[in-house]
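Hello,

Here is the structure we spoke of handing over. My notes follow below it.

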Amino acid sequence: MSVRLRQLGALICLSVLELYRRKDLFVVFVLAAVILLPLAFFAPFGVTGAGRYVNELALLLVWLFSIVIGLGTSARLFPPEFESRTIYPMLAKPVARGTVLLGKYSGALAASLLALAVFYLAYGLLTGFRQGVWFPPVLWQAFALHTGFLVIVTALGLLGSLLLTASANVTLCGLLIVGMLSFGQRLAALAATQTVPGKWVLYVIHWVGPHLEFFDLRQRLVHEWPPIGWGVCAAVLAYAACYAAACLALSGLIFKKKRF
Amino acid sequence: MRQSLHVGLTVAGAALAVTLGQCVPSVCAGKMPQAVGEDVLAMILGDARLVFSDAMMGKAEEYFHGGVRDVVCEHGLGTPHEEPDRHAAGEHGLEHAGAAAGTDFWGWLNGQIHVQEDRHIEGEDVRELLPWLWAACRSAPQSIRAYETTAFVLAHMTKRPADAVRLLEEGIVKNPDNASLEISLGELLLQSFHDLPRAERAFEAACRKCRAADGPEGAPDRVLKVKALFYLGYLAKQRGDLARARECLSQAEQLAPDDAGTRDLKRMLQEK
């Protein structure tokens, strides 16, 4: 058991180090500063004090960068190992296939969550200094749900990395994420207006697809609406855990039967 | 030796490029392919700017409704808003929440997470609309709706009528043939500044710019011209020039006898 935990820990450390080595965090921070700093001092028609647009753009960047980092890390988990055949020595260590899978997933998730925590800390400080509101409950909820979002995205990325090349995986998962974030709320209504078979396709996506829009609390955060009920928050996080578990189980099945 | 030659050639090339960049537009004035007066954004984006401007207006509308998109509400941005409390209490929200609760579980969950209520922005918070409205005006100077809505928000919601006048004047400079902006300017000068001479000049300019052609295609211009004539008649009556007021009424009756503006002007002149 302790050996397995050590192996898992090593795999997680590797992913976090890889994120640090690739300097992704540094690049996104510079990019965010270049975009947000001039906007923070902008006074349209000479009127100062408007801040929601900066908050909205900052949160949009947080979401965009978290998707880039989460998907970029998880989509590259296995294809390079298969191509360079480094998967053989890893499995010959010996490390069980399940441990490799879980370790890789936990590593990608840990790296993504670490980046997310840094983003939210920066956002919390930015809004605190500008508006004098320090880390309200809705911000904690937004962070908690965003972690749930990354739990699903990294699980999807991992599943795709066993079936597709890294670029194909990123493209397909990216389309799925953007599609669900944009249309997830309206899928049932859209399906109701379609004819068969489009109607059933949309209903299947509605029931089986990952409802990533559940995790998006930007509207509440930007427009200062009250937090959601903690029961709803827990239900959404449970949904994330179940969906990720299903993806991991499927990945385990595929990885077990995979011939290299 | 070779390196210094490369450096020298690079510097000479750069100097030549800068010199030509400065000389060519003045030497070939009028023969350049670029349209005069168009900025880089206009040349790159073309009419897509209007789409962008509409998107910015949509964003401002969303902010006006407390971040709720596609809301069905009789009070849009830029329209008089007399009953804020009824909306602040979330009357529409109950309708939306009820609709969400009647659907499937995912729909219910979405209804709990994403705000469905309609809460109109008020007081100091109105300034949150300005960045989007600013972007709407700057991205497409030909968008009359953007200028008029922004001027309304500046004048009536943020209580900055002087800025609204400046914006409308800028819109008129950029859209010299548009009568609607002149009427908006005249109304603003009349209501917020009681500057009757300037308002009258604006309404006269609007009258000149209206090309009220016969048939359905001339209907919008006829409505605008009747509106301008109503205000001109009203101003003439204010200063006791009844002959001019009657002339305005007769022009309005010729254009659109059943228009509300014509009827109001007629009623006003019948009153003592």
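In this predicted model, 32 residues of chain A are in contact (heavy atoms within 4.5 Å) with 30 residues of chain B. About 3000 Å² is buried between the two chains, with 63% of that given by carbon and sulfur atoms; buried area is the accessible area (1.4 Å probe) that two parts lose on being put together, summed over both. On the chain A side, A:Phe45, A:Arg52 and A:Trp225 lose the most area to chain B, together 26% of what that side buries.

The rule finds 2 salt bridges across this interface, a salt bridge being a side-chain nitrogen of Lys or Arg within 4 Å of a carboxyl oxygen of Asp or Glu. A:Glu56 and B:Lys59 meet in a salt bridge through their side chains, at 2.6 Å from N to O. The side of chain A that touches chain B divides into 16 nonpolar residues (Ala, Val, Leu, Ile, Met, Phe, Trp, Tyr, Cys and Pro), 10 polar residues (the others, Gly among them) and 6 charged residues (Asp, Glu, Lys and Arg).

Conventions: residues are numbered from 1 along each chain as its sequence is written, and chains are lettered from A and ligands numbered from 1 in the order in which they are written. Local features need pLDDT of at least 70, side-chain atom pairs count only at pLDDT 80 or more, totals for chains, interfaces and linings use all residues, and side-chain values use heavy atoms, with hydrogens and water left out.

Regards
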